[in-house]
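User: Please go through the helix packing in this model, one question at a time.

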Amino acid sequence: MIEDILLDSQDRMEKTLVSSQSELTKIRTGRANISILDSVRVDYYGSKVPVNQAANIGVPEARMIIIQPWERNMLAEIERAILKADIGITPNNDGNVIRLPIPPLTEERRKNLVKVVHNLAEDGRIAVRNIRRDAMDQLKKAQKDGKISEDEQFNAGIDVQATTDENIKKIDGMAVAKEKEVLEI
C-alpha cells in the first residue's frame with residue numbers, strides 16, 4: 001500500500017521533471033540548438049515525420065543551423081513545414097541546403113525569456129507540490145481507513161517530502177542552467 005503510493009508519486013514527479021525539461025528546451029536562446037526543430041513535422045511520403053527523419057541537421061557555427069534533406073525534392077517541403085511551425089526563424093533555401101540563421105537576442109528579450117524560465121520552473125514546482133499533496137492525502141486516507149498505522153503514515157510522509165525536495169532541487173537546477181544560457185552573450 002505505502003510502496004504503491006510512494007512509487008506512484010515518484011513516477012509522476014519524474015514525468016513532471018521530463019515535462020519541465022522539455023518546456024525549458026523550447027525556449028530559444030541566442031545560440032543555435034536543433035531542439036527548436038522538435039515541433040516541426042514534414043510531410044514525407046504521405047506521413048508527418050520529424051524533420052530529423054527526413055534530413056541531416058547540423059550546427060556549423062553558434063548562430064546557424066543547416067538542414068540537408070536526404071532527397072532534394074524535400075527542400076521546399078521542409079521549408080514550408082518550418083514556416084508553418086512558426087518557430088520564429090525564417091529559413092534560407094539555396095537549392096542544396098536550408099540555413100536557419102539564429103538572430104541575436106536583445107537585452108530586453110533576454111530579460112523576458114528569464115521571466116518565462118522562472119514561470120516554467122514555478123509551474124514545475126507547483127506540479128511537484130500537488131503530487132506531494134495527493135500522496136499525503138492518500139496516506140492520511142489509508143491511515144484513517146486502518147490500512148496503515150500512524151507511524152507508517154508519518155515515515156512515508158517523510159519519504160514523500162524527501163522525494164519532493166529532491167525533484168524541486170532538480171527543477172531549480174534546470175532553471176538556473178537555462179537562465180545562464182539565456183543571459184550568455
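The questions below concern helices in this predicted model.

User: What span does helix α3 reach from its first C-alpha to its last?
Analyst: Helix α3 covers residues 107-144, which is 38 residues. At 1.5 Å a residue, 56 Å is expected. The span in the model is close to that, at 55 Å.

User: Is Thr16 buried or exposed?
Analyst: Thr16 is found in helix α1. Leaving aside neighbours within four places in sequence, Thr16 is in contact with Gly124, Ala127, Val128 and Ile131. Buried means under 20% relative accessible area. Thr16 has 13% relative accessibility, so Thr16 counts as buried.

User: Are α1 and α4 roughly parallel or roughly antiparallel to each other?
Analyst: The axes of α1 and α4 are 10 Å apart, and the packing angle is about 10°. Angles under 35 degrees count as roughly parallel. The two helices, α1 and α4, are therefore roughly parallel.

User: How many residues of the contact of α1 with α4 are charged?
Analyst: On the α1 side the contact includes Ile2, Leu6, Met13 and Leu17, and on the α4 side Glu152, Asp159, Lys170 and Lys178. The residues of this contact divide into 10 nonpolar and 8 polar, and the number of charged ones is 4.

User: Which residue just after α3 takes a positive phi?
Analyst: Helix α3 covers residues 107-144. Just after α3, a positive phi of about 80° is taken by Gly146.

Notes:
Residues numbered from 1 in each chain as written. Predicted model: local features only at pLDDT ≥ 70, side-chain atom pairs only at ≥ 80, totals over all residues. Heavy atoms only, no water. Helix = DSSP H or I, 4+ residues; strand = E, 2+ residues; numbered from the N terminus. Expected span 1.5 Å × (residues − 1). Buried < 20%, exposed > 50% of the residue type's maximum accessible area, 1.4 Å probe, protein only. Contact = heavy atoms within 4.5 Å. Axes fitted to C-alpha atoms, helices over the stretch in contact; angles between N-to-C directions. Parallel < 35°, antiparallel > 145°, perpendicular 65-115°, else oblique. Nonpolar A, V, L, I, M, F, W, Y, C, P; charged D, E, K, R; others polar.
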